[in-house]
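I am opening a notebook on this structure. I will write down what I look up, one topic at a time.

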Amino acid sequence: MSTTTDTSVQLEELGKFFTITARRFDAGQSAPEMFSTAIDAAWHELTEDPQAHSAFTAKHAGRELAHAETSGRGFIGWVAAYEEAYGPLPEIWFTDADGNLDTATLATYRETGRVVAEWNCSPAPSDGDDNTPPAGTNR
């Protein structure tokens, strides 16, 4: 099933994700997993403007955050904190970057309250210099 992705919705959810990130970091917990490729696509677009990215993370997390490449598959442990603050996860969390809704994972979440998914990035604390290109690149 395909659904329309709206960048403003993606950014709204990214802001909520960063707020949850800050709460987790403040509690000494690990970084939350970014399992939505639709929201991650908006995050990647935001990182293309370092000043906008810095301002956005400061607004929502109270600090700068970096985009860290990580990967895994498993239980998404931050969902309960999100639900406590904002209510149930909306469909955009189960939508890929092309606008396709993962109806099976969404249905499981709605039935069980649990999300098991793959991710390939997470936020990380930033030193404010996260826009330095990796060695060997010409950015």
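**Entry: Ala80**

I looked up Ala80 to begin with. Is Ala80 buried or exposed? The relative accessibility of Ala80 is 53%, so this residue counts as exposed, the cut-off being over 50%. I place Ala80 in helix α4. Ala80 and Gly113 stand 33 residues apart along the chain, and 8.3 Å separates their C-alpha atoms. I note here that the model is predicted.

**Entry: the chain as a whole**

I stepped back to see the layout. How many helices and strands does the chain have? I find 5 helices and 2 strands. Along the sequence their pattern reads α-α-α-β-α-α-β. The chain has 139 residues, and 38% of them count as buried.

I turned to helix α1, where I found Gln10. Gln10 has a relative accessible area of 8%, so Gln10 is buried, under the 20% limit. I compared its position with that of Trp43. Gln10 and Trp43 are 33 residues apart along the chain, with C-alpha atoms separated by 8.4 Å.

Leu14 also sits in helix α1. The relative accessible area of Leu14 is 0%, and Leu14 is buried. What is the C-alpha distance between Leu14 and Trp43? I read 7.2 Å in space, for two residues 29 apart in sequence.

**Entry: helix α3, length and faces**

I checked the length of helix α3, residues 50–61. Its 12 residues should span 16 Å at 1.5 Å a residue. The end C-alpha atoms are 16 Å apart, which agrees.

Which residues of α3 are buried? I list His53, Phe56, Thr57 and Ala61. Viewed down the axis of α3, these buried residues fall within an arc of 95°, so they line one face of the helix. I wanted the reason for such spacing. An α-helix has 3.6 residues a turn, so residues three or four places apart point the same way. On the other side of α3 I found Gln51 and Lys59, both exposed.

**Entry: aromatic pairs**

I moved on to the aromatic rings. A pair of aromatic rings is described by the distance of the centres and the angle of the planes. My count comes to 14 aromatic pairs. One of them is Phe35 with Trp93, with 5.4 Å centre to centre and 35° between the planes, a tilted pair. Phe35 lies in the loop between α1 (7–26) and α2 (37–47), and Trp93 in the loop between α4 (79–86) and α5 (103–112), so the pair ties together parts that are 58 residues apart in sequence.

Are the two partners buried or exposed? Phe35 is buried, at a relative accessible area of 9%. Trp93 counts as buried too, at 1% relative accessibility.

Trp93 has another partner, Tyr82. Their ring centres are 6.4 Å apart and their planes stand at 75°, so this pair is edge-to-face, the class for angles over 60 degrees. Tyr82 is in helix α4 and Trp93 in the loop between α4 and α5, 11 residues apart, and the pair links distant parts of the chain. Both Tyr82 and Trp93 are buried.

My last search was for open space. How much space lies in the second largest pocket? I read about 260 Å³. The pocket is lined by 17 residues, and the closest to its centre are Phe35, Thr37, Asp102, Ala117 and Glu118. Strand β2 (residues 116–125) gives the largest share of the lining, 5 residues. By type, I sort the lining into 7 nonpolar, 6 polar and 4 charged residues. Phe35 thus turns up here as well as in the tilted pair with Trp93.

Key. Residues are numbered from 1 along each chain as its sequence is written. This is a predicted model: local features need pLDDT of at least 70, side-chain atom pairs count only at pLDDT 80 or more; totals for chains, interfaces and linings use all residues. Side-chain values use heavy atoms; hydrogens and water are left out. Rings of Phe, Tyr and Trp (its six-membered ring) pair if their centres lie within 6.5 Å; planes under 30 degrees apart count as stacked, over 60 as edge-to-face and the rest as tilted. Helices (H or I, at least four residues) and strands (E, at least two) are DSSP runs, numbered from the N terminus. Buried means under 20% relative accessible area, exposed over 50%, partly exposed in between (1.4 Å probe, protein chains only). On a 1 Å grid over the protein atoms alone, a cavity is a set of points where a 1.4 Å probe fits but cannot get out, and a pocket is an open set with protein on both sides within 12 Å along at least five of seven lines; lining residues have an atom within 4 Å of a point. Grid points are joined across faces, edges and corners, and a volume is the space filled by probe spheres set on the points. Ala, Val, Leu, Ile, Met, Phe, Trp, Tyr, Cys and Pro count as nonpolar, Asp, Glu, Lys and Arg as charged, and the others, Gly among them, as polar. The expected span of a helix is 1.5 Å times one less than its number of residues. The arc is that of the directions from the helix axis to the C-beta atoms.
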